[in-house]
Amino acid sequence: MKILTSCFFILASLAHAEVRLPAFFADKMVLQQDIPVPVWGWADAGEAVTVAFAGQTKATQADEKGKWIVKLDPLAASAEPREMQIGSRVIKDVFVGEVWLASGQSNMGFPVGSAHNAEQSLAKAADPLLRFCTVQNATAAEPQQELRGKWEASDPTTAKGFSAVAYFFARDLRAKLGVPVAILHSSWGGTPAQAWVSMDALHESPPFENYVKSYDAALAKHRDVLAKPEMMTKYREDLAQWQKEVAPAFNEAMKAWNAGPKTTPKPVPARPEPANPDPMDIPSPSSRPGTPSVIFNAKIAPLAGYAMRGALWYQGEANASGGIEYRKLLPRLIGDWRKRWAQGDFPFLIVQLSSWDMDTKPAPQHHWPVLREAQAMTAKSVPNCALAVSIDVGDPKDVHPKGKEPVGQRLALAARKLAYGEASLVASGPVFREAKAEGATMRVRFDEIGSGLTIGQAPWRAAGDAQWPQDRLVGFILAGEDGQWHDAEAKIEGDSVIVTSAAVAKPVAVRYAWANSPRCNLYNREGLPAVPFRIDVK
């Protein structure tokens with residue numbers, strides 16, 4: 001009996017000692033250097049948990065809900081693969097270096113394997129000190145604690161699926177800093193910003209009432225579906241039938257259409273794809289969730305608190321028709337994430353939308369310039385933010401341009417200046433300062449001119465997209481008191497550009513690169529493009 005009793009207590013102790021960890025506390029992870037590093041997980045209520053790493057040992061106890069957390073003291077960068085002991089768990093091959101979160105929609109998710117220079121880049125991708133943890137797509141009605149994802153070291157095989165923008169950013173930081181660099185990659189194509197913000201933040205004063213109402217309505221439907229599981233059973237059956245009977249022919253038609261000149265209407269399926277009855281779930285395999293907060297709940301909330309240096313954000317296409325609202329929505333998202341991480345105003349780097357669309361609409365109806373303007377306003381007004389301009393490396397015929405390397409490089413420049421103390425580094429192209437009418441001309445002055453203004457050329461151009469002029473500036477337009485816009489001539493004069501138009505005798509307003517796909521070639525001599533602007537801001 002004593003032997004049996006002893007065995008029972010040993011087995012109970014072993015079961016009790018096991019802890020559960022989020023997916024990102026796992027082999028190959030990278031910890032952020034120089035700041036306290038939270039480590040957390042779950043165990044039985046009241047369970048004692050010990051975390052040991054790099055000569056530190058921290059002990060705590062799980063609370064009544066089973067959650068526990070410790071904070072490691074700031075760690076020095078290390079490329080030595082070490083082990084972290086958490087209770088009875090052992091995490092192997094752990095580095096310490098720089099960690100960044102990369103998020104947004106499809107242009108952030110766009111993989112290295114599809115980038116314009118994929119073959120050359122992948123041939124050099126073997127770097128065990130560059131690591132990615134890519135979060136799998138999911139939605140949730142409420143903030144979650146766990147997610148799906150795993151750490152991978154960069155090599156020619158794994159890097160194919162890495163975010164190209166984030167990879168080139170991390171690669172450049174690795175070369176400059178000489179420490180391990182890691183990316184927490186959590187993006188989702190076609191998704192709007194409001195899906196990446198918590199409901200708490202959307203409720204803040206002044207509330208985004210339209211999104212609050214949208215969430216409440218979706219939650220009511222979600223609960224109805226939970227109460228009637230036969231609704232989801234029917235949806236799955238209908239979807240399986242559609243994928244068998246309709247999807248193959250439709251997919252072939254779409255493949256042919258995408259590869260052709262697009263002179264015919266976009267194909268439509270023989271019958272519509274079944275719609276998911278739960279708006280808190282993924283709408284359908286070919287659709288993206290737009291319900292407010294559902295992506296934040298599943299793909300950001302579980303990450304919140306993982307020590308990192310800052311965030312990269314490449315999103316806006318799905319909000320392009322709401323540029324005015326985005327002036328408030330993006331700052332709200334930034335503030336929300338910073339609050340969740342409790343690391344102060346960590347660096348937040350914004351990629352400004354590239355060129356896309358052939359600009360067949362009149363200039364006042366262009367949506368993308370207004371969204372770009374909102375991104376630039378946010379970078380200027382919100383502390384510790386920076387903007388990476390990508391307008392010169394877009395593709396007018398494809399919303400997913402392949403030239404991702406320049407975008408990652410420009411983000412790395414911004415990070416070096418904002419996060420790593422290179423104060424004198426030229427990390428931005430020319431930024432509008434002021435404009436003054438001088439008779440029949442408009443003088444436009446710029447900041448961030450580096451070693452001087454110049455006529456530049458994009459480092460990458462889409463196939464079939466003509467080069468910009470190299471003998472004159474393009475991209476400026478002028479308006480007089482009648483409010484009519486006219487193409488203008490422009491020339492560089494010191495830190496200024498002098499803008500004129502034969503059609504405008506007394507200019508009152510000037511714009512630059514104000515179109516969905518503008519032809520624009522103002523740069524500084526460091527090769528960075530000017531930020532699009534207008535002085536008639538509404």
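## A buried threonine

At 19% relative accessibility, T158 counts as buried, because buried means under 20% relative accessible area, with exposed being over 50% and partly exposed in between (1.4 Å probe, protein chains only). T158 sits in the loop that links β9 (149-154) and α4 (164-177). Helices (H or I, at least four residues) and strands (E, at least two) are DSSP runs, numbered from the N terminus. If neighbours within four places in sequence are set aside, T158 is in contact with E152 and A153; contact means heavy atoms within 4.5 Å.

A word on the model itself: it is predicted, with local features needing pLDDT of at least 70 and side-chain atom pairs counting only at pLDDT 80 or more, while totals for chains, interfaces and linings use all residues. Residues are numbered from 1 along each chain as its sequence is written, and side-chain values use heavy atoms, leaving out hydrogens and water.

Now to a pair of helices. The axes of α7 (residues 230-245) and α8 (residues 247-259) come within 4 Å and cross at roughly 55°. Axes here are lines fitted to C-alpha atoms, for helices over the stretch in contact, and angles run from 0 to 180 degrees between N-to-C directions. α7 and α8 are therefore oblique to each other: angles under 35 degrees count as roughly parallel, over 145 as roughly antiparallel, 65 to 115 as roughly perpendicular, and the rest as oblique.

On the α7 side, W242, Q243, K244 and E245 meet A247, P248 and F250 of α8. Sorted by class, this contact has 4 nonpolar, 1 polar and 2 charged residues. Ala, Val, Leu, Ile, Met, Phe, Trp, Tyr, Cys and Pro count as nonpolar, Asp, Glu, Lys and Arg as charged, and the others, Gly among them, as polar.

## The sheet with β14

Strands of a sheet pair through backbone hydrogen bonds, either parallel or antiparallel. Here, an open sheet of 4 strands runs in the order β14-β15-β20-β19, with antiparallel pairing; two strands pair if DSSP finds at least two bridges between them. β14 (431-438) and β19 (489-493) are the edge strands, each pairing on one side only. From one strand to the next, the twist averages 25°.

β14 is joined to β15 (residues 441-447) by 7 bridges, and E434 stands opposite R445 in β15.

## The sheet with β18

Another open, antiparallel sheet has 4 strands in the order β18-β17-β21-β23. β18 (485-487) and β23 (533-534) stand at its edges with a single partner strand each, so one side of each has no neighbour in the sheet.

β17 (residues 476-479) pairs with β18 in the antiparallel sense over 3 bridges. The bridge partner of A479 is W485 in β18.
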